[in-house]
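This report is a guided reading of one protein chain, meant for someone meeting it for the first time. Please keep the sequence and the structure in view while reading.

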Amino acid sequence: MDTQNRKIESFFSSREAAEGTLDISKEDIKDAFLKKLFYGLGRIPAVATKNDLYTALALTIRDKVFGRYVRSLEQFAEKDARAIGYLSAEYLPGPHLGNNLLNLEIMDETREALAELDLDLKELLEQEVEPGLGNGGLGRLASCYLDSMATLGVPSIGYGIRYEFGIFNQSIKDGWQAEATDKWLHFGNPWEVVRPEIAFEVKFGGHTEHSYENDKLHVKWIPNTEVKGVAYDTAILGYQSNAIIMRLWSAEAVESFDFSVYNVGDYYKAVEKKMRSENLTKVLYPNDENLSGKELRLKQQYFFVSCSLQDIIRLHLLQGRKLEDLHEKFTLQLNDTHPSIAVPELMRLLVDEHAMEWDEAWEKTRNTFAYTNHTLLPEALEKWSVSLLGKILPRHLEIIYEINRRFLDDLRNLKYNGEQIARMSLIEDWGEPAIRMAHLATVGSYKVNGVSELHSRLLQKQVLHDFAQLWPEKFTNVTNGVSYRRFLAVSNPALADLITKKIGNQWLQNLNGIKELENLALDPDFQKEWIAVKLQNKKHLANHIKERTGIEIEPSMLFDIHVKRIHEYKRQHLKVLHILSLYLRIQAGKGDGISPTAFIFGGKAAPGYFMAKRIIKLITSVGDLVNNDPQVNGKLKVAFLPNFSVKQAQKVYPAADLSEQISMAGKEASGTGNMKFALNGALTVGTLDGANVEIREEVGEENFFLFGLTTDGVQEAKKQGYRPYNYYEENDHLKEILDFLVSGKLAKGDKELFRPIYDNLIHQDPYLVLKDFQSYIDCQNKIHTAWRDPERWVKMSILNVAHIGKFSSDRSIKDYSDNIWELEVMKV
Ligand SMILES: *Cc1c(COP(=O)(O)O)cnc(C)c1O
């Protein structure tokens, strides 16, 4: 062994000694922190800003996390298991610092180390700006899954896009949503490491040239632009265990400048070209209705997919493996159809760039991908027009046509009729021809899963019915889960401590262990402590809301919370009708039986979504009315907490008494907010939709407030020609409420402001708000009765938490590993 290697060896073994013991002392942390502050940032405590201090701490912790990552690499290499490339256009990691401290088990040591320096850990945690690289549930799910893959020791890389501007920041101006760009990188990002040498070129546009050599077709793609994707790595640490990498691609110009040009005009052209290239990963698109025309969005998708596939092939070949074995060593999980252009891209790489025969390449491709569907909403099923796709990716369009030609030939051989074939084709032919990305992903994958039992069933019955009949064994379910370490242990430390005090801390390794709380549900002392913790959390949230909105909420009120993206199918307007019902009842002197309640909303509306933005204005207007009316004051409060994000979510879920999960049945694929609420002891009021069904099964129907139509009921109502106007006419109280919307009383005399909502509800009501209204009101009356019996309520709350084990994302990842990826997790 040469000296160089010996040095490395000895470094590694001493590092093992330092990191491998899992014992990081208060003194270590203090020492490392001060070193980062002095030598890493050139600051002394006296002049350091809060951001300097936060950054120094983040860098200190990042070192520990990377230490774990290096060790994980060694373990993964030894095990030689199949690896997962998780392809997701969105991630919503939330703040890293607190989660890493928990997973390293040094939260207390760090707090104490900082206290000795007269610093407050809490303040530094608040300083972190979270990467808002996703819209909502889908991005958060991807981040929960990375957390669990790390925890369970699944060799994996999470691939995505490093948007320079994430999801917009929401503020409320005059009651309306206002959007501002999200400058999450403004203060730097201490968690990431740029890897300039891990970079790939990605081509766009141009045309293809076909030629034959020995009867074999050769296709050459002559693009007209190229962009370089550079890797930015963030280590994602699991609990007490491994770390994996989230690798996000950032776009750069291929050659920063062509210095050889001597013509001034050319120089400026080169500058413009550079800027155009870098635009590619500038901004995350909010999930608006009409993304399908957005050329830049398609380019983003292809850009990150192409970089990721090139990276995976590089890693595969680096290990001395043959390309033919790719599918044995990698599974690429498609998080929705956003990365589904990966199917023709892998075909292109294999056939055009690595000279593999089509049949063999298709066999490998089909066995490499697995696809997760996330929606049944027809308007959310991704389609790209043939003309746009052909313009940006001419070679991919040819490949998609060829995949489709062969697929439809197979169907003809199976005696499918013309109608079936048209339904299943990858290309929609009526109107403007378009590629159906869900069909492409389904045909190109070896497994397709929905995200809750109900959703997977509906997926096979409706959206992908023909495919499920053709390939029943391809379809499966993986019910979503959440990282309970982040959403309970980190964000609700008081409850976590209480639980650990009573049943020990094994639940932190396996959430099923939390079932032991069952035995304490009737223990009066435990109940008292449980209530005290909840009240404390509610006080914190009330303070936060006061700071952000000026609205004062009494912590003893029932905290009835509806936070999630604003969308008609999620029915925030049904919630508003309930609030107005209470308001009008109190005004009419019929308020007995109404428990004092704080209604708390949060969530962003897509900037181009007219109805959703008006619903926000409606909520804030109802708030203005209710919060300032002396007659109802003390009984009802309404607050809209702006800029719902993971950071906000971590304050909101722990403080909830009641979780609103009231989507129209059949529309919410799973939901994960529902899980996070129940995990924190909130009771759910909900429809039989998405994972609500399974939550109710787990926690028991007596501990869940159910209302509304089932999916069958919804279908039946629609089939029979639903007429919302009849409900308006026949239900006097409902009529009174709806008329109130256009009475001007909510809008300083303006009767038109909420007419679009009123008109939509009484004439169309696509999400059956009016049909479910009475059932919802009746259910809420029961809830208010239950709330007045604190012993009953707290028992139900404890039982919800005790039975939440199934909804850990560790369980979801175990399901993926067992049923789709066919690999054994290292840790259960
Ligand atoms: C969990 C979560 C969501 C998803 O909430 P749903 O209620 O399932 O729609 C959205 N945004 C954030 C920030 C979350 O943490």
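## A pair of helices, H20 and H21

In this predicted model, helix H20 and helix H21 cross in a right-handed sense. Helix H20 covers residues 493-503 and helix H21 covers residues 524-549, and the two pack at an angle of about 160°, with their axes 9 Å apart. Because angles over 145 degrees count as roughly antiparallel, H20 is described as roughly antiparallel to H21.

On the side of H20, the residues that meet the other helix are Ala494, Leu495, Leu498, Ile499, Lys501 and Lys502, while H21 contributes Phe526, Glu529, Trp530 and Val533. Sorted by class, the contact of H20 with H21 holds seven nonpolar residues and three charged ones, with no polar residues.

## Two domains

The chain is divided into domain 1, made of 81-95 and 130-478, and domain 2, made of 484-710 and 781-805. Taken over C-alpha atoms, the centres of domain 1 and domain 2 are separated by 36 Å, and 40 residues of domain 1 are in contact with 42 residues of domain 2.

## The nine-stranded sheet

Nine strands form an open sheet with mixed pairing, and their order across the sheet is S5-S8-S9-S2-S1-S10-S11-S15-S16. Strand S5 (192-204) and strand S16 (475-477) are the edge strands, each of them pairing on one side only. From one strand to the next, the twist averages 25°.

Within this sheet, strand S1 (residues 83-87) and strand S10 (residues 330-335) pair in the parallel sense over five bridges, and isoleucine 84 has threonine 331 in S10 as its bridge partner. Helix H9, which spans residues 295-318, lies across several of the strands, including S1, S2, S5 and S10, and runs at about 110° to S5.

Strand S3 (residues 169-173) and strand S4 (residues 176-180) pair in the antiparallel sense over five bridges, and lysine 173 has tryptophan 176 in S4 as its bridge partner. What lies between the strands of this hairpin? The hairpin of S3 and S4 has two residues between its strands, and in it aspartate 174 takes a positive phi near 55°.

Another open sheet consists of three strands in the order S12-S14-S13, with antiparallel pairing. Strand S12 (383-385) and strand S13 (427-428) stand at the edges with a single partner strand each, so one side of each is left without a neighbour in the sheet. The pairing of S12 with strand S14 (residues 434-436) is antiparallel and runs over three bridges, and tryptophan 384 stands opposite isoleucine 435 in S14.

## A second pair of helices, H31 and H32

Helix H31 (residues 769-787) packs against helix H32 (residues 790-802) at an angle of about 105°, and the axes of these helices are 7 Å apart. Because angles of 65 to 115 degrees count as roughly perpendicular, H31 is described as roughly perpendicular to H32.

Which residues meet where H31 and H32 pack? From H31 they are Ile783, Ala786 and Trp787, and from H32 they are Pro790, Arg792, Trp793 and Met796. By class, six residues in the contact of H31 with H32 are nonpolar and one is charged, with no polar residues.

Conventions:
Residues numbered from 1 in each chain as written. Predicted model: local features only at pLDDT ≥ 70, side-chain atom pairs only at ≥ 80, totals over all residues. Heavy atoms only, no water. Pairing = 2+ DSSP bridges. Helix = DSSP H or I, 4+ residues; strand = E, 2+ residues; numbered from the N terminus. Axes fitted to C-alpha atoms, helices over the stretch in contact; angles between N-to-C directions. Contact = heavy atoms within 4.5 Å. Parallel < 35°, antiparallel > 145°, perpendicular 65-115°, else oblique. Left-handed = near helix turned anticlockwise from the far one by under 90°. Nonpolar A, V, L, I, M, F, W, Y, C, P; charged D, E, K, R; others polar. Domains from an automatic or database assignment.
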